[in-house]
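Colleague: I am new to this structure. Could you take me through it in questions and answers?

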Amino acid sequence: MPLTSIETIRQAETRIAPYIRRTPLLYSDVLSRVCHKEVLVKCEIFQRTGSFKMRGASNCILQNLVLAKTNGVIAASAGNHAQAVALMSNLTGIKSTIVMPSFTPAIKVQHTQRWGAEIVLQGDVYDESYEHALTLAKEHGYLFV
């Protein structure tokens with residue numbers, strides 16, 4: 001797999017900027033001491049979903065915006081990625097479907113629904129949810145995020 005160019009990264013940064021919170025880098029005393037190097041921690045907990053996953057989900061949806069707006073999006077996840085896809089879909093007026101394993105804690109389902117996603121509980125393990133999401137994407141033309 002080829003390395004991602006700095007130009008590709010800068011394009012993604014520009015593309016997602018309106019939807020992403022700028023988060024601070026904080027110096028970590030403990031990690032710096034352990035690593036014998038200066039370590040800075042990116043505080044992605046300050047994203048609206050509490051995770052860095054918002055960056056990748058936003059970039060994917062925005063790169064495929066015509067398909068996403070036309071057919072909707074789908075993802076398989078039991079947590080942070082689900083919430084990121086749901087939030088970005090909500091912000092851009094796109095229908096989202098999230099396939100989650102049947103064991104997904106109710107609080108994670110609720111947090112994802114809060115952003116407007118339709119939840120499908122399918123599968124006893126993540127791989128089964130993933131396969132079901134791929135099947136639904138193919139059947140309905142959804143963008144798989």
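**Charges, folding pattern and sheet**

Modeller: The chain carries 15 positive and 11 negative side chains, with the centres of the two sets 9 Å apart. Lys and Arg count as positive, Asp and Glu as negative, and His and the chain ends are left out; each charge is placed at NZ of Lys, CZ of Arg, CG of Asp or CD of Glu. The model is predicted: local features need pLDDT of at least 70, side-chain atom pairs count only at pLDDT 80 or more, and totals for chains, interfaces and linings use all residues. Residues are numbered from 1 along each chain as its sequence is written, and side-chain values use heavy atoms, without hydrogens and water.

Colleague: How many helices and strands does the chain have?

Modeller: Helices (H or I, at least four residues) and strands (E, at least two) are DSSP runs, numbered from the N terminus. Along the sequence they follow the pattern α-β-α-β-α-α-β-α-β-α-β-α-β. The secondary structure comes to 7 helices and 6 strands.

Colleague: What is the order of the strands in the open sheet?

Modeller: Two strands pair if DSSP finds at least two bridges between them. The open sheet has 4 strands with parallel pairing, in the order E5-E4-E3-E6.

Colleague: Which strands stand at the edges?

Modeller: Each edge strand has a single partner strand, so one side of it is left without a neighbour in the sheet. These are E5 (118-121) and E6 (143-144).

Colleague: Which residue in E6 is the bridge partner of Ile 74?

Modeller: Strand E3 (residues 73-76) runs parallel to E6, and 2 bridges join them. In E6, the partner of Ile 74 is Phe 144.
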